[in-house]
Amino acid sequence: MRVAIVTGATGGIGFGCATKLAEMGMAVLATGRSLDKLAELAAAVGNPDQIATVAVDLTDDTAPRRIVDSAVGRWGHIDFLVNNAGVGSPTPLHETDDATLDYFLNVMLRAPFRLARDVLPHMQPGSAIINITSTFAVVGGLRGGPYSAAKGGLTALTTHIACQYGAQGIRCNAVAPGVIQTPMTEQRLQDERFRRMNLEMTPHQRLGTVDDVANAVAFLCSPGGSFINGQTIVVDGGWSSTKYLSDVALTSQWTAR
């Protein structure tokens, strides 16, 4: 049985990735900070032979070792690592204090770096690391601040791992979601300006879903993705790669800047 670690597995994208990989027949070691939500995930997977959970703050110095030891102790090896855990509500550079900067970098760059470092010795050829980044690591983003810095660093870490360990048969890629409908974005999507910036500037008929991201991760963990290395797959309906405006956007009054 192939074994995957998924961090931030109690949130929307992490939950979706964990259940999707379990549906593919993998065993999943899921991390999160909420015991109740980890229990919900275990119940959703259903098969106790396929799921183990670790309640942990990824910024703790002992977190990577606890996670790796749990996976190896349970199943003996690790095939995939999905670095998904993240935080939202960033601020622009001039509004970001040092504490906020440190927190974002710790959760979304330092923690994935340290966990990947501890996972690598337990990976065999055919294994892979998938880092969940963001469209804000692909294009400039308003109010990105520490979020953009952390996700951009994670993109650079992705290409380094791909280069350094690809010859050992260990691939590394990034999946960069746009605005995905999750509890983290629910409040932002209630804001008319934010919603229109995404709906009216995306050459697709809908917003992204958790399944869209989970399916991309699952593909990268499948034989079909076995020759993809060092890439970023952007899951945003074309938002970041076009200058699209819908007919509604072109013919209506936009909210004030």
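A cavity here is a set of grid points where a 1.4 Å probe fits but cannot get out, and its lining residues have an atom within 4 Å of a point. The model on screen is predicted.

**Stop 1: strand β2**

Select residues 27-32, strand β2. Of its 6 residues, 6 are buried, so the strand is largely enclosed by the rest of the structure. Now look at its two faces. Ala27, Leu29 and Thr31 lie on one side, Val28, Ala30 and Gly32 on the other, and all are buried. Side chains in a regular strand alternate between the two faces of the sheet.

**Stop 2: the neighbours of β2**

Find Ala4: its bridge partner in β2 is Val28. Then follow the chain from β1 through helix α1 (residues 12-23) to β2; this β-α-β crossover is right-handed.

Next, select β3, residues 51-55. This strand also pairs with β2 in the parallel sense, over 5 bridges. Gly32 has Ala55 as its bridge partner in β3.

**Stop 3: the cavity**

How many cavities of 30 Å³ or more does the structure hold? There is 1. The largest cavity has about 60 Å³ of space. Select its lining: Thr7, Leu58, Ala63, Pro64, Ile67, Asn83, Asn84, Ala85, Val107, Ala111, Pro112 and Leu115. Colour by class: 9 are nonpolar, 3 polar and none charged.

Finally, show α3 (63-75) and α4 (98-119), which each supply at least two lining residues. α4 gives the most, with 4 residues.

Key: Residues numbered from 1 in each chain as written. Predicted model: local features only at pLDDT ≥ 70, side-chain atom pairs only at ≥ 80, totals over all residues. Heavy atoms only, no water. Buried < 20%, exposed > 50% of the residue type's maximum accessible area, 1.4 Å probe, protein only. Pairing = 2+ DSSP bridges. Right-handed = clockwise from strand over helix to strand, strands pointing away. 1 Å grid on protein atoms, 1.4 Å probe; cavity = no way out; pocket = protein on both sides within 12 Å on 5 of 7 lines; lining within 4 Å. Points joined across faces, edges and corners; volume = space filled by probe spheres on them. Nonpolar A, V, L, I, M, F, W, Y, C, P; charged D, E, K, R; others polar.
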